[in-house]
Amino acid sequence: MSFLKRKANSARRSPFAAAIVIALGLLLSGGGYAVASGAVTSANANDPYKSAANIAAGKKLFLANCASCHGQNAGGTSAAPSLIGVGAASVDFQVSSGRMPAQGSGPQMPSKTPQFNEQQVIELAAYVASLAPGPEVPSDEALAANGNAERGGQLFRTNCAMCHNAVGAGGALTEGKYAPNLMAAEPKEIYEAMITGPQNMPVFSDANLTPTDKKDIITYLTYVQEHKSPGGYELANLGPVAEGLFAWIFLLGLIIGITIWLGAKSN
Amino acid sequence: MTTATNTQKKGGFLAGTANYLDERVGVAGILKEFGRKIFPDHWSFMLGEVALYSFVVLLISGTFLTFFFQPAMTPVIYDGVYGPLKGAEVSVAYASTLDISFEVRGGLLMRQVHHWAALLFVAAAGLHMLRVFFTGAFRKPREINWVVGFMLFVLGMAGGFTGYSLPDDLLSGNGLRIIDGMIKGLPVVGAYVSSLLFGGEFPGENIVARLYSLHIMLIPALILVFVAIHLFMVVIHKHTHYSGPGKKDTNVVGYPLMPVYVAKAGGFFFLVFGVIMVIAANFTINPVWNYGGYDPSPVSAGTQPDWYIGWLDGALRLAPTHLEVVDWAGNTWSWNILLPMIVGIAFLVVVAVYPFFEAWVTGDKREHHVLDRPRNAPTRTAIGAAGVTFYAVLWAGAGTDLIATNFAMSLNQVLTSIQILLIVAPIVAFFITKRACLSLQRKDREIALHGHESGRIIRLPHGEFVEVHEAVDAFELYTLTDYKTYRPVAATANSKGRITFSSRARAAWSRFFFEDRVEPVTQTELAAAHHDHGQVEGGH
């Protein structure tokens, strides 16, 4: 036993020991990193939301346009929430609809002309997604409006219509907040809104509405958007209030015009 | 035998038929009586007619709809042509409404004609009521006919609401749910009445069939009966007319029913029908396919009743929250529901009894067939304006959510503003209207006495500048001066020498109505004014 011990001790004491250990350590960690990063690069070559170049460009855009409210590290300030973990889908929804960057404070940020082009939106989304995992931008497959419109309509009426109206004409929420009109909403926007719950909207996670449910809802809304009412002009789908206003102003107005014409004839 | 053939030859087919009918049902007498009825000409006298014609359109289009509508709530799987509902479990009533809309030839057009005509019916009736109110046409001898007309308006609302609930779609189901809630809010009897109406717990399986019976049988029958009474009374009372030379409380100036008004009214019916058709062919109303079949769980944003129920919905929305109290016996009193119901019923009662109230205040027992210009009854006009404002604010209350979204405002602030307006706006409207009426009367007085300003300035020999006023013609002068004012009456003692409460109340109301007034121009004032201006106006 003492012989063995002594032999090991002598080996450890060798003057090359330290150099060999360091060299081995460097080789293993460096080589391992190189292999691993090579693998990552090849896997994300086609995903713009994970490309290092986009992330770097996105960071620059973020610091110039978003950091004043959301913080240098996107950790949020008293003016705006943290963006850690909101995911690419959230950024894509808010920025491509023009809601972000915001142009003022208020109960809700309205949709306006987008400030960034498609590539810039991808860069920003890639940067925010690189901070922490979050909902991803949906695939084209998920957005194809080829589901079951009947089921989608039923789900829409149960889950969405209380704020967005039965055909998505929009509606009021408390204190100046509102559910926007969905008549021009694109499938991607609808899907992203459901998975990220922007602003005052709740999140409809996959446990709540499965991807199939979401597809059905998109199918229904696409049908409603594409098919004009068979009854004629829709009066913005606002329901009986718009109909009543129309009846008083145009229907009754026209008839009163006729009564005046008939009454004036004899004079 | 020979004489008979001779008469037929002389008059031809028409005279023969007329003679045949006259000998059997006395057509000549009827025609003589009705055909020579005189109607005055004015556009505002045709509003009630519009309501009547809309009702005829409702009967025609409604009959068509009954051929295809099935008022049953039995669940079926929809298998029609409308894609987004194919395979949905809906009621038979809803499925048949979809079939009318998409598969029955002309069905959707008829549905839209029926619905637009319903909106027009109540709107025209309401406007007709306003015309009658503001011109004082409800005064003796027409008080009872005002009440009949009021009943027609309420029946119109009832007919509309029962019809709105028939398709059994999400929107109408939500409307019924509100009615159910209101009924259940009634103290003591609420739950029993609801259970009786719906045949158990809401929504049950009976309500559509029950409302259908009311909608196609009882309510139209009652409307027809009241229309008959209404028109019969118009014939008895004769029509009113606006003030003018030769128009008196003892005559009617206008054209006879035959042939002028038969032609005019017949043509007018087709114009009204035509306008409804054009609107119905081009504008969607109540797109039930969008709402889906009724399911008690979803409530869509923008759920509102048709316009004529809107003021009641507004009253519900405007009621302050947290008014529910639990009494010592553990019963809940939902004042947030009871208060709006009380306000709504009180408003209707005030409308119904106003003619009797005004007659009591003025103490006027004369018959009135010449209408008032609204300005010549300032307090009545102001009360009317306050009532219209009150109704309009309640009405706006039903659209708070749409006002908020479409004008980018906060829903809560819109609601609070409308709550304040409900109290403040009618009072403001009252005073503005009353002052405006009195000012207009003073202007009329000025014109009657001194003529119209001509804009011509002339210089008199001694250097004074004066504007030439052109004298009004006799026709205009008549209209400007032909009205009566009342003066406030004092409380008087009765035969026992006591001043009763009712006498005091009447005196107080009389002061309220007639303390501020502008007296019509008298003959002496007119003569004096003309004498003063004789030289300037170049003698007349």
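Me: How many salt bridges does a search of the whole structure find over all chains?
Reply: The search finds 25 salt bridges over all chains. The model is predicted, so local features need pLDDT of at least 70 and side-chain atom pairs count only at pLDDT 80 or more, whereas totals for chains, interfaces and linings use all residues. Side-chain values use heavy atoms, with hydrogens and water left out.

Me: Why is the pair B:Lys86 and B:Asp79 called a salt bridge?
Reply: The term requires a side-chain nitrogen of Lys or Arg within 4 Å of a carboxyl oxygen of Asp or Glu. The closest N and O atoms of B:Lys86 and B:Asp79 are 3.6 Å apart, so the pair qualifies.

Me: What makes B:Asp79 exposed?
Reply: Exposed means over 50% relative accessible area, buried under 20%, and partly exposed in between (1.4 Å probe, protein chains only). B:Asp79 has 61% relative accessibility and therefore counts as exposed, whereas B:Lys86, at 44%, is partly exposed.

Me: Why does the side-chain pair B:Asp401 and B:Arg317 count as a salt bridge?
Reply: The N to O distance is 3.3 Å, which meets the criterion and therefore makes the pair a salt bridge. The pair links distant parts of the chain, 84 residues apart: B:Asp401 lies in helix 15 (residues 400-406) of chain B and B:Arg317 in helix 12 (residues 307-318) of chain B. Helices are DSSP runs (H or I, at least four residues), numbered from the N terminus.

Me: Why is B:Asp401 called buried?
Reply: Its relative accessible area is 13%, so B:Asp401 falls in the buried class. B:Arg317, at 24%, counts as partly exposed.

Note on methods
Residues are numbered from 1 along each chain as its sequence is written. Chains are lettered from A and ligands numbered from 1 in the order in which they are written. Helices (H or I, at least four residues) and strands (E, at least two) are DSSP runs, numbered from the N terminus.
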